[in-house]
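The exercises below are to be worked with the sequence and the model open side by side. Each one gives a task and then a solution in steps.

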Amino acid sequence: MPPPDLLDVAVVGSGPNGLAAALELARAGLRVEVFEARDSLGGGCRTQELTLPGFRHDVCSTIQSMVPLSPFFRGMVTDLEARGARLLTPSVAFAHALDGGRAATVTATVDSTARALGTDRSAYERLMGPLVADATGLVAGVLAPIRRPPSSPVTMARFAAAGLGSAARLSRRFTTEEARALVAGVCAHAMLPLDQALTAAFGIFLTVTAHQGGWPVIEGGSDRLIDALAGALRDEGGLTHTGRPIHHLADLPVARATLFDTSPAMMVDIAGERLPSGYRAQVARFRRGPGVFKLDWALSGPVPWLAEECRRAATVHLGGSFDDVASAEEDVARGRHAARPYCIVVQASVVDATRAPAGQHTLWAYCHVPNGSQVDMTSRIEDQIERFAPGFRDLVLARVSTNAVEAEQHNPNYLGGDIAGGAGTLRQTLFRPTVRWNPYRTGAPGLYLCSASTPPGAGVHGMCGVGAARAVLADLTRRGGA
Ligand SMILES: Cc1cc2nc3c(=O)[nH]c(=O)nc-3n(C[C@H](O)[C@H](O)[C@H](O)COP(=O)(O)OP(=O)(O)OC[C@H]3O[C@@H](n4cnc5c(N)ncnc54)[C@H](O)[C@@H]3O)c2cc1C
């Protein structure tokens with residue numbers, strides 16, 4: 001019999017995956033405590049007045065594309081709203097700005113998006129129509145934590161046929177500059193050269209989520225989502241502790257299961273020889289992805305995009321044509337800093353007036369840089385925005401920059417500024433972080449990894465946490481007494 005004061009579960013780190021794992025396990029009736037290094041919960045879902053009073057900036061994630069769709073969050077959308085996390089959806093899910101005041105957009109339906117693509121209309125409909133028609137099956141298959149036969153095999157086969165290849169190959173289905181640029185902008189979220197396998201899958205999947213969920217933001221800031229999760233956890237009896245960096249297992253209470261919402265390397269540092277040497281060796285070979293350089297601005301007005309569509313999108317991709325974006329991403333993969341970087345620009349205040357004082361706006365943008373870079377990309381990012389929105393710099397009231405090294409100082413999971421928890425190569429997408437049937441188990445009884453370095457990878461969906469929680473429950477049941 002375990003001692004009566006033995007904790008059931010300790011979770012190290014309170015990002016969306018750590019909290020999802022904690023909530024799943026607390027709902028199963030276990031005594032759960034979460035230990036967070038920083039003075040607030042949330043990991044990649046924090047919101048702070050980074051620039052000026054009254055300007056609420058999301059330090060990391062803003063576009064909660066997975067929240068309406070992820071099996072973890074979908075079941076609690078009403079509960080989230082009741083707890084103050086309300087989703088606000090822009091009329092344009094994402095836009096890709098082009099020279100000459102043009103833009104390509106993804107809007108609510110496949111039909112409206114396809115119609116705007118002119119001669120590429122039917123190619124877009126053929127690609128996206130069947131996948132969006134079974135978006136629920138596709139999302140369940142892609143976000144499924146453990147390998148098992150998909151519930152929608154035909155949709156998954158269709159997705160694999162188009163997605164296993166590269167973005168470059170995918171772009172060849174289209175002839176217009178607009179459609180090809182749209183492909184480049186969304187596939188470049190993969191943080192890989194656009195001629196690499198699987199980059200198409202990133203773009204296709206994200207586009208399906210845009211059609212199905214609309215790429216919303218949380219009213220007031222992403223931290224409201226964390227407040228809601230933490231509230232739900234407390235209602236289940238779970239406890240959270242902030243200001244508790246964990247350096248050794250001895251910093252934690254003894255628990256039947258310990259979950260790490262950390263980088264695999266951090267888990268090895270903490271657990272040391274409790275982990276099998278083979279597992280530690282595999283973790284040492286797990287490759288980082290590129291870093292990001294991020295800028296947050298307080299603006300006196302909305303960004304003066306030349307293309308009207310960009311004024312209605314919470315997410316705008318910059319970088320120009322397919323070839324320009326591909327060349328910028330190739331630079332990063334080769335350890336160079338692109339002169340005209342591909343940028344992801346996020347303007348939450350397009351739909352959320354509460355982010356800034358009346359009439360004013362918050363904005364953030366990042367570009368990819370080599371891992372560990374300390375190069376200041378401010379002028380290159382601002383030049384790209386000026387290219388598509390002349391007069392932008394005149395609106396800047398304040399700016400804060402975060403280079404790749406500073407990103408890791410903010411959150412130790414972002415090794416060298418890699419915000420995806422490991423390079424998204426074909427191998428590391430299938431086997432993350434090590435080659436194991438169940439990627440949440442570590443080979444050490446009672447120790448589990450639950451961060452974005454496990455399947456299904458980066459993003460605010462909570463499914464890495466759900467996968468780890470299921471492994472814990474299965475193991476405790478086998479040992480008796482879950
Ligand atoms: C700039 C930026 C923009 C992004 N934009 C989006 C977006 O728009 N949409 C989206 O879906 N995703 C976005 N992401 C990615 C998303 O934020 C992450 O994929 C997600 O937060 C990963 O969740 P996680 O729970 O695995 O880890 P994290 O959110 O990184 O949380 C890990 C937590 O563990 C804590 N921790 C680590 N080590 C220790 C330790 N030793 N002791 C105690 N605590 C520890 C950390 O402080 C942190 O709070 C963005 C990320 C960044 C950086």
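## Backbone exceptions

Leucine 198 is buried, with a relative accessible area of 9%. The model is a predicted one.

**Exercise 1.** Find where leucine 198 lies, and describe its phi angle. Then do the location and the phi angle for methionine 191.

*Solution.* 
- Step 1. Leucine 198 belongs to the loop that runs between helix 9 and helix 10.
- Step 2. Its phi is positive, at about 80 degrees, although leucine 198 is not a glycine.
- Step 3. Methionine 191 is likewise found in the loop between helix 9 (177-187) and helix 10.
- Step 4. Methionine 191 is not a glycine, yet has a positive phi of about 60 degrees.
- Step 5. The relative accessibility of methionine 191 is 8%; the cut-off for buried is under 20%, so methionine 191 counts as buried.

**Exercise 2.** In what order do the seven strands of the open sheet lie, and which strands stand at the edges?

*Solution.* 
- Step 1. The order is 7-6-12-13-14-11-15, with mixed pairing.
- Step 2. The edges are strand 7 (102-107) and strand 15 (396-402); each has a single partner strand, so one side of each has no neighbour in the sheet.
- Step 3. On average, neighbouring strands of this sheet are turned by 20 degrees against each other, direction ignored.
- Step 4. Inside the order, strand 6 (residues 92-98) and strand 12 (residues 313-318) run parallel and are joined by four bridges. Phenylalanine 94 stands opposite threonine 315 in strand 12.
- Step 5. Helix 10 (residues 199-213) lies across strand 6 and strand 7, at about 70 degrees to strand 7.

**Exercise 3.** Is strand 10 largely enclosed or open? Name strands that pair with strand 10.

*Solution.* 
- Step 1. In strand 10 (residues 255-260), six of the six residues are buried, so the strand is largely enclosed by the rest of the structure.
- Step 2. Strand 1 (residues 7-12) runs parallel to strand 10, and five bridges join them. Here valine 9 stands opposite alanine 257.
- Step 3. Strand 16 (residues 447-449) also pairs with strand 10 in the parallel sense, over three bridges. Leucine 259 stands opposite tyrosine 448 in this pair.

## A pocket

**Exercise 4.** How many residues line the second largest pocket, and what is their make-up by class?

*Solution.* 
- Step 1. The pocket holds about 230 Å³ of space.
- Step 2. Its lining has 17 residues; Met191, Arg287, Pro290, Val332 and Ala333 lie nearest the centre.
- Step 3. By class, the lining is made of eight nonpolar, six polar and three charged residues.
- Step 4. Helix 14 (residues 322-333) gives the most to this lining, with three residues.
- Step 5. Met191, one of the residues nearest the centre, is the methionine of Exercise 1, with the positive phi.

Methods: Residues are numbered from 1 along each chain as its sequence is written. This is a predicted model: local features need pLDDT of at least 70, side-chain atom pairs count only at pLDDT 80 or more; totals for chains, interfaces and linings use all residues. Side-chain values use heavy atoms; hydrogens and water are left out. On a 1 Å grid over the protein atoms alone, a cavity is a set of points where a 1.4 Å probe fits but cannot get out, and a pocket is an open set with protein on both sides within 12 Å along at least five of seven lines; lining residues have an atom within 4 Å of a point. Grid points are joined across faces, edges and corners, and a volume is the space filled by probe spheres set on the points. Helices (H or I, at least four residues) and strands (E, at least two) are DSSP runs, numbered from the N terminus. Ala, Val, Leu, Ile, Met, Phe, Trp, Tyr, Cys and Pro count as nonpolar, Asp, Glu, Lys and Arg as charged, and the others, Gly among them, as polar. Two strands pair if DSSP finds at least two bridges between them. Axes are lines fitted to C-alpha atoms, for helices over the stretch in contact, and angles run from 0 to 180 degrees between N-to-C directions. Contact means heavy atoms within 4.5 Å. Buried means under 20% relative accessible area, exposed over 50%, partly exposed in between (1.4 Å probe, protein chains only).
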